[in-house]
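The paragraphs below walk through one protein model, beginning with a pair of helices and ending with a few individual residues. Please keep the sequence and the structure in view while reading.

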Amino acid sequence: MARPLIAITGPERGAFGPRRLVELAVRLYGGRPIHIRPSHTPSAFDYQGVVITGGHDVDPVLYAAEPEVEPRYDQARDLLESAVIRDALTRRLPVLGICRGAQLLNVCRGGTLFQELRSRRRKTSNRWTVLPLKTVDVKHDSRLATIIGPDQSRINSLHNQGIDRVGDGLRVCARDLDGIVQAVEDPSAAFQIGVQWHPEFLILIRRQRHLFKTLVEQARVVQIRNAEHATR
């Protein structure tokens, strides 16, 4: 059987480094990555798993809010990734949302976002860093805990927005020391997780790599399920 196909979404141009790191992690665990951009038609690709990567802020119009900060939106990308997420939810495909990907996953399920986090920080720095210099508390009874371990974990931070009201069917599975949501998951799904940090920049850390490992494993389950269905 061929390796499971993993869709990696991103902007039409740029973000080369993060996307290539995600691709490397997917290949490492036996997945076959394919990059999908706004000019592509997602339905043309029979993927079994999805990674929604980081990038510009999610347009607040998607959660019926007025802009509160200077806009840095990519509406074409919002449209593409919203379609990919909804398709994945319908087909119950494994989904890993990274940073803006976690935010968009939440919005697609009816949630909302904080458009800025600086004013909500008391114990944590608002400084962006690709290094694992920040702390996150992972809930013991979460799917995320079975993947990266429970208790505290060290993460990086490259975001200025975050999850406010949690979307339907999702639950918070990690927060930082200020109580800001750092990860959400669908407890009814095998793997539908959004993390606010960037695990692709932390692939030298085994527990962070396991996010991609589990994604590919669950995509392979989908692949087998589809093959069995096709032979009936």
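Helix 2 passes helix 3 in a right-handed crossing, where right-handed means that the near helix is turned clockwise from the far one by less than a right angle, and left-handed that it is turned anticlockwise. The contact, meaning heavy atoms within 4.5 Å, is made on the side of helix 2 by Arg77, Asp78, Glu81, Ser82, Ile85, Arg86 and Leu89, and on the side of helix 3 by Arg100, Leu104, Leu105 and Cys108. These residues divide into five nonpolar, one polar and five charged, with Ala, Val, Leu, Ile, Met, Phe, Trp, Tyr, Cys and Pro counted as nonpolar, Asp, Glu, Lys and Arg as charged, and the others, Gly among them, as polar.

The model is a predicted one, in which local features need pLDDT of at least 70 and side-chain atom pairs count only at pLDDT 80 or more, while totals for chains, interfaces and linings use all residues. Residues are numbered from 1 along each chain as its sequence is written, and side-chain values use heavy atoms, with hydrogens and water left out. Helices (H or I, at least four residues) and strands (E, at least two) are DSSP runs, numbered from the N terminus.

Two packed helices are described by the angle between their axes and the distance between the axes. Helix 2 (residues 75-91) and helix 3 (residues 100-108) pack at an angle of about 65°, with their axes 10 Å apart; the axes are lines fitted to C-alpha atoms, for helices over the stretch in contact, and the angles run from 0 to 180 degrees between N-to-C directions. The two helices are therefore roughly perpendicular to each other, given that angles of 65 to 115 degrees count as roughly perpendicular, those under 35 as roughly parallel, those over 145 as roughly antiparallel and the rest as oblique.

How much of helix 3 is covered? Nine of its nine residues are buried, that is, under 20% relative accessible area, whereas exposed means over 50% and partly exposed in between (1.4 Å probe, protein chains only). What covers these residues includes helix 2, strand 3, strand 4, strand 5 (113-114), strand 8 (162-163) and strand 11. After helix 3 comes Gly110, whose phi is positive, near 90°.

Nine strands form an open sheet of mixed pairing in the order 2-1-3-4-11-10-9-6-7, two strands being taken to pair if DSSP finds at least two bridges between them. Its edges are strand 2 (32-36) and strand 7 (151-157), each of which pairs on one side only, and neighbouring strands are turned by 25° against each other on average, direction ignored.

Strand 11 (residues 192-195) pairs with strand 4 (residues 95-98) in the parallel sense over four bridges, with Val95 opposite Gln192. Strand 10 (residues 181-185) and strand 11 run antiparallel and are joined by three bridges, Ala183 having Val195 as its bridge partner; a hairpin of six residues leads from strand 10 to strand 11. Gln192 and Gly194 point one way from strand 11, Ile193 and Val195 point the other way, and all of them are buried. Six antiparallel bridges join strand 6 (residues 129-138) to strand 7, and here Lys134 stands opposite Ile155.

Helix 1 (residues 16-28) lies across strand 1 (5-9), strand 2, strand 3 (49-52) and strand 4, and runs at about 155° to strand 2. Helix 3 also packs on the sheet, where it touches strand 3, strand 4 and strand 11, and its direction makes about 120° with that of strand 4.

Some individual residues complete the picture. Pro33 lies in strand 2, is buried at a relative accessible area of 12%, and touches Ile6, Ile8, Glu23, Val26 and Arg27, not counting residues up to four places away in sequence. Cys99, in the loop between strand 4 and helix 3, has a positive phi of about 55° although it is not a glycine, and with 3% relative accessibility it counts as buried. Arg92, in the loop between helix 2 and strand 4, is likewise a residue other than glycine with a positive phi, near 55°, but its relative accessibility of 46% makes Arg92 partly exposed. Gly179 is found in the loop between strand 9 (171-176) and strand 10 and is partly exposed, with a relative accessible area of 31%; although Gly179 and Val136 are 43 residues apart in sequence, their C-alpha atoms are 9.3 Å apart in space.
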